[in-house]
Amino acid sequence: MFSQELWLENERKCAVVRKSKQGRKRPELLAVALGVKVGVKSGWLWPPLKLFACPQISSLVRRAALTHADNHCNYEKTHNFKVHTFRGPHWCEYCANFMWGLIAQGVRCSDCGLNVHKQCSKHVPNDCQPDLKRIKKVYCCDLTTLVKAHNTQRPMVVDICIREIEARGLKSEGLYRVSGFTEHIDDVKMAFDREISNPDERLEAVHEVLMLLPPAHYETLRYLMIHLKKVTMNEKDNLMNAENLGIVFGPTLMRPPEDSTLTTLHDMRYQKLIVQILIENEDVLF
């Protein structure tokens with residue numbers, strides 16, 4: 001439940017947003033957000049404030065919209081704050097005051113991206129609305145975080161699996177008693193995780209890692225991927241697609257530093273996946 005002080009503070013911020021829609025000037029709106037005075041003779045302050053602090057206005061608008069939005073599910077969720085070092089000037093999205101310091105100036109919610117002072121984080125209401133771009137996995141993810149990110153009442157994986165079972169599996173012998181193959185289960189989990197991930201962001205991350213390779217390693221890997229891509233172009237004859245080649249070359253190319261049998265077995269599916277991505281996107285990554 002909101003305290004009276006938090007409710008009044010929220011109403012004040014919403015009033016600022018409503019007033020801006022009625023023709024209020026951006027410098028004046030920004031000054032309210034930052035707690036500074038920008039008068040007629042202080043117009044020279046507007047350019048630097050506009051450059052560094054306009055995102056704060058978007059933050060106020062975003063929080064006001066989230067507070068008054070009629071969401072499909074109203075599950076309460078606390079913010080997952082972690083100490084963060086901000087690059088350049090930054091303002092607290094709760095009190096609108098400047099964040100001082102060179103490192104660890106405040107905290108950031110790893111689920112929704114809210115940036116506040118460490119002391120302010122104790123007073124922020126439990127109104128976290130996770131950003132889907134920050135949710136990388138379906139499994140091993142907090143349940144409330146997952147459903148709020150998708151704006152659903154339940155995780156989509158539950159709906160999909162139950163719908164499939166009720167459509168064609170209710171009469172299957174040993175339903176829920178006979179275990180499936182671990183490899184098949186892992187493939188299904190990875191398929192759901194790939195569905196939630198942004199393909200462009202994933203390729204960008206892989207490309208950044210490739211840029212860290214020594215020149216000799218990079219050139220050798222690039223030449224090999226070009227060759228394997230040509231192999232997949234003859235899949236009708238050799239029956240070798242990118243996934244099959246990933247199974248063959250994954251353990252060799254992505255061997256972990258430690259020769260642990262348990263670690264190797266656990267990483268095999270990821271080794272296969274990364275090699276598959278390298279082959280399928282060879283023309284983009286190299």
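View 1. Residues are numbered from 1 along each chain as its sequence is written, and side-chain values use heavy atoms, with hydrogens and water left out. Because the model is predicted, local features need pLDDT of at least 70 and side-chain atom pairs count only at pLDDT 80 or more, whereas totals for chains, interfaces and linings use all residues. K77 counts as buried because its relative accessibility is 6%; buried means under 20% relative accessible area, exposed over 50%, and partly exposed in between (1.4 Å probe, protein chains only). The side chain of K77 makes a polar contact of 2.8 Å with the side chain of D111. Such a contact is a pair of N or O atoms within 3.5 Å; within protein, one must be able to donate a hydrogen and the other to accept it, and residues adjacent in sequence count only if both atoms are side-chain atoms. Leaving out residues up to four places away in sequence, K77 touches D111, N126, D127, C128, P130, D142, T144, T145 and K148, contact being defined as heavy atoms within 4.5 Å.

View 2. Strand 2 (residues 106-109) is joined to strand 3 by 2 bridges. Within this antiparallel pair, V107 stands opposite V116 in strand 3.

View 3. The disulfide count is 0, a disulfide being a pair of cysteine sulfur atoms within 2.5 Å. The closest cysteine sulfur to that of C120 belongs to C95, and the separation of 3.7 Å is too far for a bond. For C128, the closest cysteine sulfur is in C109, at 3.7 Å, again too far for a bond. C120 is buried with a relative accessible area of 9%, and C128 is buried at 0%.

**View 4. The largest nonpolar core and a second, separate core.** A nonpolar core is a set of buried Ala, Val, Leu, Ile, Met, Phe, Trp, Tyr and Cys residues joined through side-chain atoms within 4.5 Å. The largest has 17 residues, of which L210, M225, L278, I279 and L285 touch the most other members. At least two residues of this core come from each of helix 7 (199-210), helix 8 (215-232), helix 10 (242-253) and helix 11 (261-280). Apart from neighbours within four places in sequence, L210 is in contact with Y218, L221, L278, L285 and F286. The second core has 12 residues, including F86, Y94, V107 and C128.

**View 5. D187 in helix 6 (residues 182-196).** D187 is partly exposed, with a relative accessible area of 26%. The C-alpha atoms of D187 and R269 are separated by 8.0 Å, although these residues are 82 residues apart along the chain.

Note on methods. Helices (H or I, at least four residues) and strands (E, at least two) are DSSP runs, numbered from the N terminus. Two strands pair if DSSP finds at least two bridges between them.
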